[in-house]
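Hi there,

Here is the structure I promised to pass on. Have a look at it first, and my notes follow below.

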Number of protein chains: 2
Amino acid sequence: MSETDGIIKEYTHRYFLTAAPCNPQKELALPALVQQIIEVATEHADILGVGYTRLSKDHNLWVLSRIVIEMDHYPHMHEHYSLTTWIEGYNRHFSERNFEIRGEDDKVIGYARTIWVAINIDTRRPADLSGIASLAVTASDRPCPIDRIQKLRPVAEPQIVNEYVFRVCDIDFNRHVNSTRYIELIIDQLDLATLDSYFISRFEIIFQNEAHFNDHVTVQSAFGEEALASEIRLDDRTICLSRMFFTKRPDN
Amino acid sequence: MSETDGIIKEYTHRYFLTAAPCNPQKELALPALVQQIIEVATEHADILGVGYTRLSKDHNLWVLSRIVIEMDHYPHMHEHYSLTTWIEGYNRHFSERNFEIRGEDDKVIGYARTIWVAINIDTRRPADLSGIASLAVTASDRPCPIDRIQKLRPVAEPQIVNEYVFRVCDIDFNRHVNSTRYIELIIDQLDLATLDSYFISRFEIIFQNEAHFNDHVTVQSAFGEEALASEIRLDDRTICLSRMFFTKRPDN
């Protein structure tokens with residue numbers, strides 16, 4: 001932990017990669033990494049006194065609005081790794097929180113940028129955070145050398161289309177669909193052979209609307225020049241938009 | 001950790017329940033509890049020198065064969081809880097590992113029994129563990145006061161039937177379907193209103209055959225006198241059999 005004026009501006013959580021959160025390529029699965037990013041963000045927000053407990057006093061809640069992850073490679077099974085997080089910026093409505101991912105030997109292997117919006121639990125509208133003065137002194141000037149997400153567009157001419165109905169195990173404490181479940185549905189557009197040959201070197205997602213229990217969605221994807229663009233649609237509404245960039249795995 | 005003659009016969013892992021692994025009722029989701037049971041089993045086996053690394057030297061692997069969990073209630077969001085594990089018995093082919101789950105104030109809130117079979121990675125047939133002498137001294141005589149699973153039968157006249165095709169995010173490091181994914185599919189036979197009124201007080205599952213990427217399975221369930229029996233079928237093969245017992249939640 002890095003401390004300035006008594007404020008813990010940077011927070012690190014160390015992990016050991018057991019078999020359970022691994023993908024078929026025996027590395028940390030991307031949805032499991034996102035779940036840990038959410039976990040570490042939650043832990044740091046709690047330490048800073050701007051977590052769930054503080055916000056719920058005002059009937060507010062942090063909601064993950066967008067995330068971009070870039071990885072040189074993923075931690076392998078039975079390796080140690082760590083996530084370090086810090087706040088880059090904030091305003092009345094959202095906070096921009098970054099992550100550095102280090103692998104074995106403490107070498108940097110990736111970064112993530114996340115945007116968190118505070119919403120009112122009752123109205124589901126953006127909340128006003130100006131009452132939480134402590135947010136103003138938590139930002140760190142540590143650099144995060146990956147690009148923010150550019151504007152993402154709906155998928156116009158889908159090449160891969162799948163249907164899905166959300167079930168109870170897809171629903172989180174907030175009664176809407178778990179953020180990591182959307183990410184799984186988007187990765188599930190790919191087949192096993194593709195992911196044996198390529199890994200996801202950059203993953204972008206923007207959450208636009210909430211889906212709920214029993215919602216029937218369409219997951220549609222199209223290959224662009226350098227990325228696979230995906231969209232989860234519920235009738236005429238976009239639930240989320242994503243782009244995945246791939247890198248060929250080294251030959252064994 | 002409880003130590004006898006230098007052997008760590010009991011191992012405890014403490015957790016704090018953040019929002020991410022919670023179900024819509026704001027308590028530890030059963031599939032997340034199973035994932036932690038697997039995690040804690042793995043950690044203890046590694047400490048005892050009978051984990052993945054040791055078995056893979058002989059081209060063997062631990063596979064979860066059956067699990068039964070009984071809970072008085074589940075840990076609630078933002079509560080502390082712990083899992084303590086110990087080996088009850090073992091023979092040449094399998095090991096019987098139990099768990100005690102404690103909630104806030106260190107009060108016992110549940111137990112689990114698991115059976116782990118060692119299989120050969122190449123032949124997928126049961127392995128012979130008699131070469132691992134250290135297994136012989138690891139058993140603890142701590143009691144586990146819940147019943148073992150009785151024989152489970154295939155579902156003869158299904159009342160709830162759903163289809164599912166396994167995708168990449170359902171596949172684990174071992175290239176077959178993740179154990180917790182089967183459990184999610186079985187719980188997903190229920191709707192949100194049912195789980196708002198009742199919680200799963202006893203969950204039994206026997207894994208009989210492995211399913212793989214792209215396998216198209218049928219999940220079928222029928223209510224018996226006191227439990228919901230479920231089966232996941234792939235053509236004419238049973239993948240797994242399960243029974244769930246429910247308890248009415250206390251009125252708020």
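B:D196 forms a salt bridge with A:R175, with 2.7 Å between the closest N and O atoms; the term stands for a side-chain nitrogen of Lys or Arg within 4 Å of a carboxyl oxygen of Asp or Glu. Across the interface of chain B and chain A the rule finds 2 salt bridges. On the side of chain B that touches chain A, the elements giving two or more residues are α1 (30-48), β7 (160-165), α3 (179-187) and α4 (192-197) of chain B. That side divides into 18 nonpolar, 8 polar and 10 charged residues, with Tyr, Cys and Pro among those counted as nonpolar and Gly among the polar ones.

This is a predicted model: local features need pLDDT of at least 70, side-chain atom pairs count only at pLDDT 80 or more, and totals for chains, interfaces and linings use all residues. Residues are numbered from 1 along each chain as its sequence is written, chains are lettered from A and ligands numbered from 1 in the order in which they are written, and side-chain values use heavy atoms, leaving out hydrogens and water.

The contact (heavy atoms within 4.5 Å) takes 36 residues from chain B and 36 residues from chain A.

In α3(B), 9 of 9 residues are buried, meaning under 20% relative accessible area with a 1.4 Å probe, protein chains only. Among them are B:R181 and B:E184.

As for the strands, β4(B) and β5(B) form a hairpin with 3 residues between them. The two run antiparallel, joined by 8 bridges, and B:S82 stands opposite B:R102 in β5(B).

Enjoy exploring!

Definitions and conventions. Helix = DSSP H or I, 4+ residues; strand = E, 2+ residues; numbered from the N terminus. Buried < 20%, exposed > 50% of the residue type's maximum accessible area, 1.4 Å probe, protein only. Pairing = 2+ DSSP bridges.
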